[in-house]
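Please look at the chain shown below, and follow how its parts come together.

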Amino acid sequence: MILVCPQCGTRNRVPDERLADDPSCGHCGGPVAPRKPVALGDANLDAYLQGSEAPVLVDFWAAWCGPCRSYAPHFEQLAGARPDIRFVKVDSDAAQRSSARLQIRSIPTTVLFVGGREVARQSGAMTSAQLGAWVDGALR
């Protein structure tokens with residue numbers, strides 16, 4: 001499986017059976033499959049989505065948003081439990097180009113990408129159990 005390093009943008013080949021082994025980037029040595037969400041923005045979101053073969057789950061949020069803050073621990077909890085999915089957080093205030101291009105109208109909005117294409121979208125906060133069920137349903 002090809003995974004994009006969230007630190008340097010290098011594409012790394014990682015065997016599926018090694019996803020849970022905390023693989024490192026061959027270029028910068030940073031984690032390519034961290035067990036927590038990574039922060040991305042306008043400069044690197046598109047390359048990350050297009051380059052990663054693993055499903056990518058993106059939480060569009062803002063620091064001033066109460067529901068976003070209550071949702072964050074649930075998103076992070078699922079990230080620790082699902083090494084087969086890449087978890088990304090995008091601050092919609094800081095990444096206005098990406099938010100506009102993807103037509104983010106409310107926050108929090110969670111978008112699932114597979115092969116760089118959007119396959120599902122859900123607005124509003126969820127528990128980690130609800131989020132996991134939603135992702136599983138969308139990946140079927």
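## The chain as a whole

Among contacts in the chain between residues at least 6 apart in sequence, 61% join residues at least 24 apart. The model is a predicted one, and its secondary structure comes to 4 helices and 7 strands, which follow one another along the sequence in the pattern β-β-β-α-β-α-β-α-β-β-α.

For a chain of 140 residues, a compact globule would have a radius of gyration near 14 Å, and the chain, with 14 Å, agrees with that. The C-alpha trace spans about 35 × 30 × 25 Å along its principal axes, and buried residues account for 46% of the 140 residues.

Strands of a sheet pair through backbone hydrogen bonds, either parallel or antiparallel. Here, 5 strands form an open sheet of mixed pairing, in the order β3-β5-β4-β6-β7. Because β3 and β7 (117-123) stand at the edges, each with a single partner strand, one side of each is left without a neighbour in the sheet. From one strand to the next, the twist averages 25°.

Within this sheet, β4 and β6 pair in the antiparallel sense over 5 bridges, and V58 has V111 in β6 as its bridge partner.

## Helices on the sheet

Helix α2, residues 66-81, packs on the sheet and touches β4, β5 and β6, while its direction makes about 160° with that of β5. Helix α4, residues 128-139, also packs on the sheet, where it touches β4, β6 and β7, and its direction makes about 35° with that of β6.

In soluble globular proteins, nonpolar side chains tend to be buried together. The largest nonpolar core of this chain has 16 residues, of which L45, V58, F60 and V88 touch the most other members. The elements that give two or more residues to this core are β3 (38-40), α1 (45-51), β4 (56-61), β5 (86-91) and β6 (109-114). Apart from this core lies another, of 13 residues, among them L57, Y71, A79 and I85.

Which residues does V88 touch, if those up to four places away in sequence are not counted? The residues touched by V88 are V38, L40, L45, Y48, V56, L57, V58, D59 and F75. One of them, L45, is, like V88 itself, among the residues that touch the most other members of the largest core.

Technical notes
Residues numbered from 1 in each chain as written. Predicted model: local features only at pLDDT ≥ 70, side-chain atom pairs only at ≥ 80, totals over all residues. Heavy atoms only, no water. Core = buried A, V, L, I, M, F, W, Y, C linked by side-chain atoms within 4.5 Å. Buried < 20%, exposed > 50% of the residue type's maximum accessible area, 1.4 Å probe, protein only. Contact = heavy atoms within 4.5 Å. Pairing = 2+ DSSP bridges. Axes fitted to C-alpha atoms, helices over the stretch in contact; angles between N-to-C directions. Rg over C-alpha atoms; globule rule 2.2 N^0.38 Å.
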